[in-house]
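Subject: Structure for your review

Dear colleague,

My findings are set out after it.

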Amino acid sequence: MRWGIVGHGGIAPTFIEAARGVGHDLVAVAGRDASRASDFARDHAIGWSTDDLRDLAGRVEAAYVCTPHDGHRDASITLLEANVPVLCEKPLGVNAHQVEQMVEASRVSGTLLMEAMWTRHLPVMAACGDWIRQGRLGNVQMVEADFGFVAPYTPSGRLWSTNSAGGSLLDVGIYPLTMADLAYKSLPLSFEADAVMSPTGVDARISVTAKYPNGGSAILRSAIDLDLGQGARIVGTEGRIEIPDFWQAERATLFSAVGEKVDEVEHPHRINGFEYQITEMARCLDYGTIESPVIPHARSAALADLMDQIRSHVGVVYPADTEAVL
Ligand SMILES: NC(=O)c1ccc[n+]([C@@H]2O[C@H](COP(=O)([O-])OP(=O)(O)OC[C@H]3O[C@@H](n4cnc5c(N)ncnc54)[C@H](OP(=O)(O)O)[C@@H]3O)[C@@H](O)[C@H]2O)c1
């Protein structure tokens with residue numbers, strides 16, 4: 001497949017490595033500034049660059065949008081309207097309203113749109129889903145997942161600024177929420193949330209305790225100012241699963257209710273883990289669908305709505321939220 005990428009920051013080389021690793025081509029880079037985009041293209045042996053992403057139409061078979069969060073919606077809609085299939089970084093939009101607009105653009109143009117929540121595509125997650133479906137955990141009663149790291153405090157940087165929809169929840173808290181979503185296959189019925197706010201008005205840390213329809217609960221934490229680690233546990237009445245580095249999981253272990261190891265899976269990444277979402281895009285295009293069953297539009301929309309509710313609870317407001325109520 002011939003890919004274009006929109007945005008050329010920290011994560012872009014990971015995507016490029018994975019795409020090339022599975023035999024796809026990188027043929028174009030779009031950025032805000034022509035010379036920066038051109039420098040990136042040269043450094044990564046990509047033959048063409050532009051400062052106008054509309055130029056990608058006709059040149060590429062799909063585009064990977066990896067701008068900061070506040071740029072996802074506009075870039076994706078522009079591409080979808082030009083019939084360019086889009087793999088857009090997480091979170092798909094800054095809020096549920098933006099996600100709705102993006103999904104609408106996908107439906108109207110009949111063009112594939114998928115959120116790049118790569119964790120959902122990992123084979124380890126499929127194996128954990130099998131264990132749950134086979135009843136090996138009994139009734140799932142608790143999910144614990146953390147994703148926290150220490151980011152340098154740069155008030156205007158994308159992680160810390162409200163303008164770029166920064167904060168821990170949208171950047172990394174979306175992974176623990178996804179873990180609970182995979183385990184319970186449901187949104188919570190209710191939740192409590194506490195945040196430590198940054199001076200810039202984003203959540204430096206957030207802790208969510210949620211209750212699910214089957215009576216289970218989840219404790220989900222994220223931080224951009226604290227190294228919480230990145231582990232996950234799914235605990236049921238008959239056993240538990242431990243998933244180290246769950247967001248990029250390469251292995252998981254199943255324990256019995258009395259703590260004996262009863263099974264494990266290991267799936268080392270073939271490239272760096274991004275390859276699974278890339279091949280899923282190709283599969284969806286072959287199949288002619290506008291959404292992937294691995295992460296249907298409705299799941300992206302449901303989690304965006306949940307994150308809106310959590311932000312509203314702790315008082316994180318982005319400029320884009322004002323637009324949503326107009
Ligand atoms: N899946 C993962 O594991 C993972 C990991 C890290 C990040 N991410 C996601 O990837 C996205 C980007 O993160 P990052 O860490 O790569 O950010 P970054 O290092 O800040 O890079 C952002 C890039 O986007 C460009 N940009 C900014 N606004 C733009 C716009 N309106 N149109 C086009 N380009 C624009 C910037 O270019 P200029 O400023 O030079 O113009 C820069 O090249 C975020 O959504 C983040 O959540 C995912």
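Predicted model: local features only at pLDDT ≥ 70, side-chain atom pairs only at ≥ 80, totals over all residues.

Helix α8 covers residues 297-314, which is 18 residues. From its first C-alpha to its last it reaches 26 Å, close to the 26 Å expected at 1.5 Å a residue. Its buried residues are His 297, Arg 299, Ser 300, Leu 303, Ala 304, Leu 306, Met 307, Ile 310 and Arg 311. The elements covering these buried residues include α4 (96-109), α6 (168-184) and the strands β6 (113-116), β8 (190-197) and β9 (203-211). After α8 comes Gly 315, with a positive phi near 85°.

The packing of α4 on α8 may be of particular interest to you. Their axes come within 8 Å and cross at roughly 160°; α4 is therefore roughly antiparallel to α8. The crossing is left-handed. On the α4 side, the contact is made by Ala 96, Val 99, Glu 100 and Val 103, and on the α8 side by His 297, Ser 300, Ala 301, Ala 304, Asp 305 and Asp 308. Of the residues in this contact, five are nonpolar, two polar and three charged.

Helix α3 (residues 72-81) is largely enclosed by the rest of the structure, because eight of its ten residues are buried. These are His 72, Arg 73, Ala 75, Ser 76, Ile 77, Thr 78, Leu 79 and Leu 80. They pack against α4 as well as β1 (2-6), β4 (62-65), β5 (86-89) and β6. Just after α3, Asn 83 has a positive phi of about 65°.

With kind regards

Key:
Residues numbered from 1 in each chain as written. Helix = DSSP H or I, 4+ residues; strand = E, 2+ residues; numbered from the N terminus. Expected span 1.5 Å × (residues − 1). Buried ≥ 20, exposed ≤ 12 C-beta atoms within 10 Å, placed from the backbone. Contact = placed C-beta atoms within 7 Å. Axes fitted to C-alpha atoms, helices over the stretch in contact; angles between N-to-C directions. Parallel < 35°, antiparallel > 145°, perpendicular 65-115°, else oblique. Left-handed = near helix turned anticlockwise from the far one by under 90°. Nonpolar A, V, L, I, M, F, W, Y, C, P; charged D, E, K, R; others polar.
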